[in-house]
Amino acid sequence: MITLKDYQTRVLGSLSDFFRQCAKDGRPDAAFQAVQLRNGRQPVPYIPVHMAGLTPGMPYVCLRVPTGGGKTLLACHAAGIAMQDLLHAERAVVLWLVPSNTILNQTAEALRDPRHAYRRALELACGAVEVVTIEEALRLSRATAEGQTVVIVSTIQCFRVEDTTGRKVYDQNGAFAEHLLNVPADRLAELLPGADGKPKPSLVNMLRLRRPIVIVDEAHNARTDLSFATLGSVQPSCIVEFTA
């Protein structure tokens, strides 16, 4: 296990403070101001993103860490902090977005390796974990989704409808029929309908139902209106970005 450096501990402590206050009063703007003041900084405004699926009350924060500062390690811990301090949950779905297929493969491999420090940090933060790629997520069972924290590693491009995988994310998929059984009536309007007007069994609707924690690596590559709309399509519970 890698021992966190002092600055990494401070970063995660600030994130924890932010999420705890968000959970308490539902005001990420006030939480953002308060955390800055506790760190002795002159507060800058919290700027919510106005996009469908990204409500003003949804915590959306970016952590700036220098290159070589351990962003992936911090992201492993951040997922657990969001799960515990914001959602007060024992398990969650985490959508971990990376900038390229090369980094996707590297990240998924490290998070799956029981000997790797990233995997150990993820288990320490989240408990039992199942790590899948976006292609594997298209076959995700309800038992797997509900039995432990599931980390889906993907690129943001995979959630754009013009991408081949993106179409599969939104397409009807019988593997997700079981996920949509007994959906509470007050949640039905959040799900995308099929041709029959009923919620379409699809990966994107499974994600909407479970309100994923979204981790964005190299976030400076995902700051277009299209990217924000893509993030909103899964209706996340929170978004934690990492950038240098």
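A residue is called buried when its relative accessible area is under 20%. The legends below use the term in this sense and refer to a predicted model.

**Figure 1. Strand β2 within the predicted model.** Six of the six residues of β2 are buried, so the strand is largely enclosed by the rest of the structure. In a regular strand the side chains alternate between the two faces of the sheet. Both faces of β2 are covered. Val-93, Leu-95 and Leu-97 lie on one side, and Val-94, Trp-96 and Val-98 lie on the other.

Figure 2. Six strands form an open sheet in the order β1-β6-β5-β2-β4-β3, and their pairing is parallel. The edge positions are taken by β1 (60–64) and β3 (129–133); each has a single partner strand, so one side of each is left without a neighbour in the sheet. From one strand to the next, the twist averages 20 degrees. Strands of a sheet pair through backbone hydrogen bonds, either parallel or antiparallel.

**Figure 3. The partners of strand β2.** Strand β2 is joined to β4 by six bridges, and the two strands run parallel. Two residue pairs illustrate this pairing. Val-93 stands opposite Val-150 in β4, and the bridge partner of Val-98 is Thr-155, also in β4. Strand β2 also pairs with β5 in the parallel sense, over four bridges. Here Val-94 stands opposite Ile-213 of β5.

**Figure 4. Strand β4 and its pairing with β3.** Strand β4 is mostly covered, with seven of its seven residues buried. Five bridges connect β3 and β4, which pair in the parallel sense. Within this pairing, Thr-133 stands opposite Val-153 in β4.

Figure 5. Strand β5 (residues 213–216) runs parallel to strand β6 (residues 238–243), and four bridges join them. Ile-215 has Val-240 in β6 as its bridge partner. Helix α4 (residues 101–112) packs on the sheet, where it touches β2 (93–98), β3 and β4 (149–155). The direction of α4 makes about 160 degrees with that of β4.

**Figure 6. The crossing of helices α1 and α2.** Helix α1 (residues 6–25) and helix α2 (residues 28–38) have axes that come within 9 Å and cross at roughly 145 degrees. The crossing of α1 past α2 is right-handed. On the α1 side, the contact involves Ser-14, Asp-17, Phe-18, Gln-21 and Cys-22. These residues meet Pro-28, Ala-30, Ala-31, Phe-32, Ala-34, Val-35 and Arg-38 in α2.

**Figure 7. The buried residues of helix α2.** In α2, the buried residues are Pro-28, Ala-30, Ala-31, Ala-34, Val-35 and Gln-36. The buried residues of this helix pack against α1. An α-helix has 3.6 residues a turn, so residues three or four places apart point the same way. Just after α2, Gly-40 takes a positive phi of about 70 degrees.

Note on methods. Residues are numbered from 1 along each chain as its sequence is written. This is a predicted model: local features need pLDDT of at least 70, side-chain atom pairs count only at pLDDT 80 or more; totals for chains, interfaces and linings use all residues. Side-chain values use heavy atoms; hydrogens and water are left out. Two strands pair if DSSP finds at least two bridges between them. Axes are lines fitted to C-alpha atoms, for helices over the stretch in contact, and angles run from 0 to 180 degrees between N-to-C directions. Contact means heavy atoms within 4.5 Å. A crossing is left-handed if the near helix is turned anticlockwise from the far one by less than a right angle, and right-handed if clockwise. Buried means under 20% relative accessible area, exposed over 50%, partly exposed in between (1.4 Å probe, protein chains only).
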